[in-house]
Amino acid sequence: MSNVKLAVIYYSSTGTNHQLATWAKEAGEAAGAEVRLAKIKETAPAEAIASNPLWQKHTDATRDIEEATPDLLDWADAIIFSVPTRYGHVPGQFQQFLDTTGGLWGQGKLVNKVVSAMSSAQNPHGGQEATVLAVYTSMFHWGAIVAAPGYSDPVLFAAGGNPYGTTVTVDQDGNMVESVEPAVRHQAKRTVDIASRIKG
Ligand SMILES: Cc1cc2nc3c(=O)[nH]c(=O)nc-3n(C[C@H](O)[C@H](O)[C@H](O)COP(=O)(O)O)c2cc1C
């Protein structure tokens with residue numbers, strides 16, 4: 001049993017990052033953490049969502065998942081983010097969420113949160129690493145402690161060897177190309193482990 005409270009926060013249009021986040025949630029629970037899975041609030045217009053059947057289907061299927069709030073960040077000792085690449089950067093929906101955290105930041109409440117990030121893109125070199133690093137740039141401003149996986153376990157090589165955070169390529173049909181589930185589980189376990197050492 002761990003005394004760590006872990007928030008797994010994701011944005012996903014077509015399900016990939018929801019799946020990554022779900023594996024991270026399960027692994028966090030297996031590591032003994034208290035875990036809350038939350039989605040970033042969708043801000044795209046209904047017409048945009050309806051124009052992509054995969055997006056509409058995923059939106060409908062995840063309607064009941066709680067939405068991330070600053071209160072959730074305040075609650076958590078550790079946070080795992082999972083967001084898809086948008087032109088090598090984070091989705092606007094995620095940036096908008098970050099823009100609501102100024103109050104917590106001003107009170108110093110984001111300092112020493114243990115954070116880790118994951119991502120996906122349609123191409124192996126389409127911005128996966130850049131997106132994870134974009135998340136971390138904001139985390140440095142929080143004063144958070146970045147728990148990147150590095151090469152801390154052999155499973156990371158099979159997943160593509162991204163030391164910044166687990167990332168996956170998604171084909172035209174929305175299927176994951178690399179087998180990243182073990183790497184996601186390792187990243188979540190490591191995040192809980194580091195957070196428990198910091199929390200003491
Ligand atoms: C506006 C937009 C921009 C995107 N930009 C890129 C990109 O620069 N490189 C890339 O490989 N994939 C890009 N993609 C593909 C997404 O990264 C991919 O659909 C996503 O990783 C799937 O994650 P999800 O199923 O969780 O939504 C883009 C998709 C959209 C809608």
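What lies 2.5 Å from an oxygen atom of the ligand? A polar side-chain atom of serine 120 does. The model is a predicted one.

## The ligand shell

The ligand is surrounded by 16 residues. Ser12, Thr14, Thr16, Ser120 and Gly126 are the closest. By class, the shell holds 12 polar residues, 3 nonpolar and 1 charged. Two elements, α1 (16-30) and β4 (114-121), each provide at least two of the shell residues.

Several protein atoms lie by oxygen atoms of the ligand. From serine 12, a polar side-chain atom sits 2.6 Å from a ligand oxygen. From serine 120, the corresponding distance is 2.5 Å. Alanine 121 takes part through its backbone: an N or O atom there is 3.4 Å from an oxygen of the ligand. On its own, the ligand has 640 Å² of accessible area, and the protein covers 77% of this.

The largest nonpolar core contains 31 residues. Ile9, Leu73, Ile79, Phe81, Met139 and Trp142 have the most contacts inside this core. Six elements are listed here: β1 (5-10), α4 (70-75), β3 (78-84), α5 (92-98), β4 and α7 (128-142) give two or more residues each. The largest share comes from α7, with 6 residues. In soluble globular proteins, nonpolar side chains tend to be buried together.

Leucine 73 gives a view of the packing. Beyond its neighbours within four places in sequence, leucine 73 contacts Ile9, Ile79, Phe81, Phe97 and Trp142, among others. The contact list of leucine 73 also includes Thr101, Leu104, Leu110 and Lys113.

Is serine 82 buried or exposed? Serine 82 is buried, because its relative accessible area is 0%, and the cut-off for buried is under 20%. Strand β3 is where this serine sits.

Asparagine 123 belongs to the loop between β4 and α7. Its relative accessible area is 45%, so asparagine 123 counts as partly exposed. Setting aside residues up to four places away in sequence, asparagine 123 touches Gln128 and Thr169. Serine 152 is 29 residues from asparagine 123 along the chain. The C-alpha atoms of these two residues are 25 Å apart.

Most residues other than glycine have a negative phi. Which value does phi of tyrosine 87 take? Phi of tyrosine 87 is positive, near 55 degrees. Tyrosine 87 is placed in the loop between β3 and α5. Its relative accessibility is 86%, so tyrosine 87 counts as exposed.

Asparagine 112 is not a glycine either, yet its phi is positive, at about 70 degrees. The loop between α6 (102-106) and β4 holds asparagine 112. At 44% relative accessibility, asparagine 112 is partly exposed.

Key
Residues are numbered from 1 along each chain as its sequence is written. This is a predicted model: local features need pLDDT of at least 70, side-chain atom pairs count only at pLDDT 80 or more; totals for chains, interfaces and linings use all residues. Side-chain values use heavy atoms; hydrogens and water are left out. A residue is near a molecule or strand if one of its heavy atoms lies within 4 Å of it. A polar contact is a pair of N or O atoms within 3.5 Å; within protein, one must be able to donate a hydrogen and the other to accept it, and residues adjacent in sequence count only if both atoms are side-chain atoms. Accessible areas come from the Shrake-Rupley method with a 1.4 Å probe; for residues, only the protein chains shown count as cover. Helices (H or I, at least four residues) and strands (E, at least two) are DSSP runs, numbered from the N terminus. Ala, Val, Leu, Ile, Met, Phe, Trp, Tyr, Cys and Pro count as nonpolar, Asp, Glu, Lys and Arg as charged, and the others, Gly among them, as polar. A nonpolar core is a set of buried Ala, Val, Leu, Ile, Met, Phe, Trp, Tyr and Cys residues joined through side-chain atoms within 4.5 Å. Buried means under 20% relative accessible area, exposed over 50%, partly exposed in between (1.4 Å probe, protein chains only). Contact means heavy atoms within 4.5 Å.
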